[in-house]
Amino acid sequence: MAQSDPALQPRCDMKGHPRTDEPMVHVDGVWKRFGKLEVLKGVDLVVFPGETYVLLGPSGGGKSTMLRCINHLEKIDGGRLWVDGELMGYRQKGDVLHELKVKEVAKQRSKIGMVFQRFNLFPHMTALENVMKAPVSVAGMSRQKAENEALALLDRVGLADKVDVYPGQLSGGQQQRVAIARALAMHPKLMLFDEPTSALDPELVGEVLEVMKQLAHDGMTMVVVTHEIGFAKEAADGVALLDGGVVVECGPPNDVLVNPQEERTKVFLSKVLS
Amino acid sequence: MSASSPQALSSQGAAPPPLGGGAAPLGGSLAPVPVKAIPVRHWGQWVGAAVVVYLLVAFVLSLARNPNIEWDIIGDYLFKDLTLRGVWVTLYLTVVSMAIGIVGGTLLAVMRLSDNPVLSSIAYGYIWFFRGTPVLVQILVWAYLGALYPELVLGIPIFGPVFASAETNAVIGATAAGILGLGLNEAAYAAELVRAGIISVDKGQQEAALSLGMGGGQTMWSIILPQAMRVIIPPMGNETISMLKTSALVSVIAGHDLLTNLQKAYAQNFRIMELLLVACIWYLFLTTLLSIGQHYLEAYFSRGFGAQQADRAQRRAFKRAQRRGESGAV
């Protein structure tokens, strides 16, 4: 899926970017601190609609924090962050930022699906109820319609026979596929994946990656934090390596993963691939 | 399988393997042979049980043959009007006070965990005060509130406009004072139980709900609290059973609960032991009822955690299939 025209290849920032349409995710010099610890130190990232962008890097490099900033689960301390043209979590009047109300943030988040490392399915609801919950109580969809859509989504992730089962009875891979269906149920414009296969037994990783590849193929815009280099090579349009809170290198997977320019990228890849 | 020659393997056919073979041979359809073993005998348990039964029988006999207890009186008072009215008052006080306690406690717990410093300070102050003073004093203060504020006034404090007013003693009678004292005190304790339940739920649940676009209230009500209930119910059952007996404190303000009524009766007829036994029988009966209720509540809120979930899931699938069948027919 990597673009063949070199001018259209993914980049880190908007400077001289050939694509003129609105990016889905635009991260502009974002800083994030936890107390004295600086986790992100001016990160730039641009993801266009339909692209799958993989964030790689060593633990503690800021990948997950970056992802959580995108849907405002973490507040940023500096820079700007837009999703689909909307400033996340703030309203800008002149030069002044105003924090959005909880409800307004919730509305922004409802357009962004998120899949977690530890699934975070609602354990007191069946697979079907998990998927139906947000469409019914956030989007105000009728139960009948939500149920039909949920059944279709669960079928799409290969779990048509597990709709009435509680998460506790499902394997990790099945739980994660339910979680993907749950996120898709809100018809998101963007999907965020936070190490979706890291908590899985090795033999279950494949089934989850398969669903994600299919999604990428269907044109979903995705930002994926993962250690699966194979997935990045096969499904990503863009790859960014985050280390020490900055983007060390980014570009199409064939450049970054096959022919890295930066020393830190080479070191990281040699560790991961060995 | 014990190692055997190929002929022996193939000759087994449908007959079960002779001994010790747990699994059927590859590709075969033999049922596994159950392990026959003599279980470990726990002789100590039998001896222990015998001793306990012996002591129980001895105790019951010592009561039954006790010349100091007149069983007729117990039978007589067990269903006397005085007793039944007391049971009713005790139950009523318990149910209403616990309702106030649980609703108020949940509200206080959510307030205390809120990011809003005003709400969390109010909750903290409330819990500090109502947990820190004796419930007996609280009941008395409500009962004698008229001595402090003879009139209850609905209006704007300090500036003066009054919309309505009433005599305090007319509004807060003995029962109301009891309920206020017990209920508001219980809310402070229940708040901490509910808070314990809420913080026991994994933080990822809240994040998942937020990422789906759910608001704070929705997340709390439909995601966090239902899961917290699993943790909250056992100690809350404790509180309810405790309340059943604590409600006897209303005796200080002329309440008419079970224990108070029987105490008044034995103050006149001096059948102290008999009437206390009557009280115990009723308290035990009510506690048993509450425990049964608690069992079902726990089963409901451990859905997704328990073992009987397969059953319920099947019923759901069946219901949905039925519904779809009906809507398809229309």
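Modeller: Buried means under 20% relative accessible area, exposed means over 50%, and partly exposed lies in between, with a 1.4 Å probe and protein chains only. This is a predicted model, where local features need pLDDT of at least 70 and side-chain atom pairs pLDDT 80 or more, while totals for chains, interfaces and linings use all residues. Residues count from 1 along each chain as its sequence is written, chains are lettered from A and ligands numbered from 1 in the order written, and side-chain values use heavy atoms, without hydrogens or water.

Colleague: Why is C69(A) called buried?

Modeller: C69(A) has a relative accessible area of 1%. The limit is under 20%. C69(A) is therefore buried.

Colleague: And C280(B), what does that cysteine count as?

Modeller: C280(B) has 43% relative accessibility. That value lies between the limits of 20% and 50%, so C280(B) is partly exposed.

Colleague: How many disulfides does the structure have?

Modeller: Zero, over all chains. A disulfide would need a pair of cysteine sulfur atoms within 2.5 Å.

Colleague: Which strands of chain A make up the open sheet of six?

Modeller: The order is β8-β9-β10-β3-β11-β12, and the pairing is mixed. Strands are DSSP runs of E with at least two residues, helices are runs of H or I with at least four, and both are numbered from the N terminus. Two strands pair if DSSP finds at least two bridges between them.

Colleague: Which are the edge strands of that sheet?

Modeller: β8 (112-115) and β12 (246-251) of chain A, each of which pairs on one side only. The twist averages 15 degrees from one strand to the next. Axes are lines fitted to C-alpha atoms, for helices over the stretch in contact, and angles run from 0 to 180 degrees between N-to-C directions.

Colleague: How do you know that β3(A) pairs with β11(A)?

Modeller: Four bridges join β3 (residues 52-56) to β11 (residues 238-243), and the two run parallel. Pairing asks for at least two bridges. Y53(A) has G238(A) as its bridge partner, and V54(A) stands opposite V239(A). β3(A) also pairs with β10(A) in the parallel sense, over four bridges. There, L55(A) stands opposite V225(A).

Colleague: What makes β3(A) mostly covered?

Modeller: Five of its five residues are buried. T52(A), V54(A) and L56(A) point one way, whereas Y53(A) and L55(A) point the other way. In a regular strand, side chains alternate between the two faces of the sheet.

Colleague: Which helix lies across β3(A)?

Modeller: Helix α6 (residues 202-217) of chain A lies across β3, β9 (190-194) and β10 (221-225). This helix runs at about 145 degrees to β10(A).

Colleague: What is the order of the four-strand sheet in chain A?

Modeller: β2-β1-β4-β5, an open sheet with antiparallel pairing.

Colleague: Why do β2(A) and β5(A) stand at the edges?

Modeller: β2 (37-47) and β5 (86-87) each have a single partner strand, so one side of each is left without a neighbour in the sheet. Two bridges join β4 (residues 78-83) to β5(A). One pair of bridge partners is V83(A) and E86(A).

Colleague: Is K107(A) buried or exposed?

Modeller: K107(A) sits in helix α2 (residues 102-109) of chain A. Its relative accessibility of 60% is over 50%, so K107(A) counts as exposed.

Colleague: How many helices and strands does chain B have?

Modeller: Chain B has 14 helices and two strands. Of its 330 residues, 33% count as buried.

Colleague: Why is Q138(B) called buried?

Modeller: Q138(B) has a relative accessible area of 6%, and the limit is under 20%, so Q138(B) is buried. Q138(B) lies in helix α6 (residues 135-143) of chain B. Not counting residues up to four places away in sequence, Q138(B) touches F129(B), F130(B), T133(B), G181(B) and N185(B). Contact means heavy atoms within 4.5 Å.

Colleague: What makes L148(B) exposed?

Modeller: L148(B) has a relative accessible area of 58%, which is over 50%. L148(B) lies in helix α7 (residues 145-148) of chain B.

Colleague: How many residues does each chain bring to the contact?

Modeller: Chain A brings 33 residues and chain B brings 28 residues. The chains bury about 2,600 Å² between them, 54% of it on carbon and sulfur atoms. H124(A), D164(A) and Y166(A) lose the most area in chain A, together 25% of what that side buries. Buried area is the accessible area (1.4 Å probe) that two parts lose on being put together, summed over both.
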